[in-house]
Amino acid sequence: MSTELKLRAREVRELIRSGQLDRARSLATRLARKHPQEAPANEAMCLVEFFAQNFDRAVYYGQRAADLEPGAPEPLANLGNCLVFAGKPAQAITSFERALALDPSHVAARRGLAQVLIDQGRLSDAADQFDVLLRDHPEDPRGLPPHAALLLEMGDAPRAAELLRRAVRAMPDDPRTASNLCSTLNYVDDVPSSEVFAAHRAYGDLIARRVRRLTPFVHPATDDPERPLRVGLLSGDLRNHSVAFFARSVIEGLRSIEPRSFGVAAYYTHPEEDETSRHLKSIVDAWRPAANLTPPQLGDLILHDRIDILIDLSGHTGGERHEVFPLRCAPVAATFIGYPNTTGVPGVDYRIADSFTDPPGPSDALCTERLVRLDPCFLCYTPYAHAPEPAPSPCLSGGGVTFGSFNHLAKLSDRTVSLWTRTVLAAGDSRLLLKAKALRDERVRAGVRERFRRAGLPADRLELAPPDASRADHLAMYGRVDIGLDPFPYHGTTTTCEAFHMGVPVVSLVGEVHAARVGLSLLHAVGLPELAAGGEEEFVRIAGELAADRARLADLRKGMRARLLASPLCDTPGYGRRLGAVLRELWRRRCAGRTG
């Protein structure tokens, strides 16, 4: 194998890194024709086809490279990545394991194996791989963010946050890692709000530094405060995602205002569309696929569409494009729905909340945006159209009361475990049913059982259920729950609305920040503020009294869906008018030359 071939193959990699895929393909093709039996030439073609998203062809060349250099782990690791994207996870696992057998310290193979194990639902096995990475390569921070994301999904938010703090210290210029830390801190008990705010502000400073070299757009001037407005929704969650249940009401509500005073465009940052995406596409005025656009390209598109108010629906939950906001591609920018905290991003003028989630006073000091309150509730929910009818309250069949929560396991804080254990033990012959995606993993289930055992809950009073295959089956599972319990410090939102729709009341502990006050807002919206507790003792008391009152439980069960549908939480036209009035006022402020 010639030195020149190695250098030319390395040049292919550099061309790919610099975004010159056509030149990389031309060079790799020449190398493959001249050296068809050399591993570097085939590796070069493998990389070109991979980045061109021709994954089957990438597998072909990746396999040839691995066969031509059987003692080397690198081609096997590359082949494993190609097999993942080609939809062949079992073969990918084998390829990664073969690479690690040759070199147990191979970082890319170890990380690739961990990721494919996550995709297969083998969360604990993936965590083992990340633990090996952390042990053998403590100086390499690149494995920390995916490791932290896995720990969060498995319910260990404190350790996830600690890994992300380390990663941010090691990679201070990486916005993705800084954003992950911001998001993760919302789940952790006892983190001072000042630390959470500081992390968001630091992220915003990083974004500002990254876009400082770019020239802000010059939006066409206008001083007409009453003209029809163009609203842009920026999100990667306009799909089968919880945000879509609320974004739909934004779209339909604004477009229902007569006379027509709002147009809505969607800038969709996820690479794939599904049935939900296609429906939302059908009800907006413009649908712009934006997954592959750079911030300047996206900003130019938004400017071209003459968007007046650009609204971020992602926050720090993935799919965000925060770098467009300092570019000022729209005169007014706001954020809401998708994230329970400030973005920290310069150029986001407003954050929309309500007086329950963010009461005037301390909340305002914890936002880089100006808080705007959309009362009585900043959310409007669109229930799943094919939901089954609510089942009778299960305790009426003669058994004890079943408390339940179907929230993401990341929200299962130690304080939540302790509080729910006390609640179940205080409510006579009651039990607790938990359902979450991560509970498909046997070792995760064992870990959750152990946490509740240490808190004092007998094993026979806890049931853990994995996710269902369909949303209808998921909702039908509420037929086994009498009373929902809200986690703390990060409340449920979609899960609480789904519980209401399926006839299940929810008891919530009210905290000091938005994430710990959403339950209060939702309960007020459906006329059940008495189920919001100001402290832990009150939480246990409210849940216990409700569990003891079977007649009230039966009455709530019968009327909860109608109560929800008749409430502001499902009044799309009314919500549209209220939201439209808020957006109109923001526009008037802009026309008057003020943002306050």
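Start with the open sheet: seven strands, paired in parallel, in the order S3-S2-S1-S4-S5-S6-S7. Strands here are DSSP runs (E, at least two residues), as are helices (H or I, at least four), all numbered from the N terminus, and two strands pair if DSSP finds at least two bridges between them. At the edges stand S3 (286-289) and S7 (370-373), each with a single partner strand, so one side of each has no neighbour in the sheet. On average, neighbouring strands are turned by 25 degrees against each other, direction ignored.

This is a predicted model: local features need pLDDT of at least 70, side-chain atom pairs count only at pLDDT 80 or more, and totals for chains, interfaces and linings use all residues. Residues are numbered from 1 along each chain as its sequence is written, and side-chain values use heavy atoms, leaving out hydrogens and water.

Now look at S1 (residues 229-235) and S4 (residues 309-312), which pair in the parallel sense over four bridges. Val231 has Ile309 as its bridge partner in S4. Helix H13 (residues 244-255) packs on the sheet, touching S1 and S2 (262-268), and its direction makes about 155 degrees with that of S2. (Axes are lines fitted to C-alpha atoms, for helices over the stretch in contact; angles run from 0 to 180 degrees between N-to-C directions.)

On to the cores: sets of buried Ala, Val, Leu, Ile, Met, Phe, Trp, Tyr and Cys residues joined through side-chain atoms within 4.5 Å, buried meaning under 20% relative accessible area (1.4 Å probe, protein chains only). The largest has 152 residues, and Leu583 is among those with the most contacts inside it.

Notes
Buried < 20%, exposed > 50% of the residue type's maximum accessible area, 1.4 Å probe, protein only. Contact = heavy atoms within 4.5 Å.
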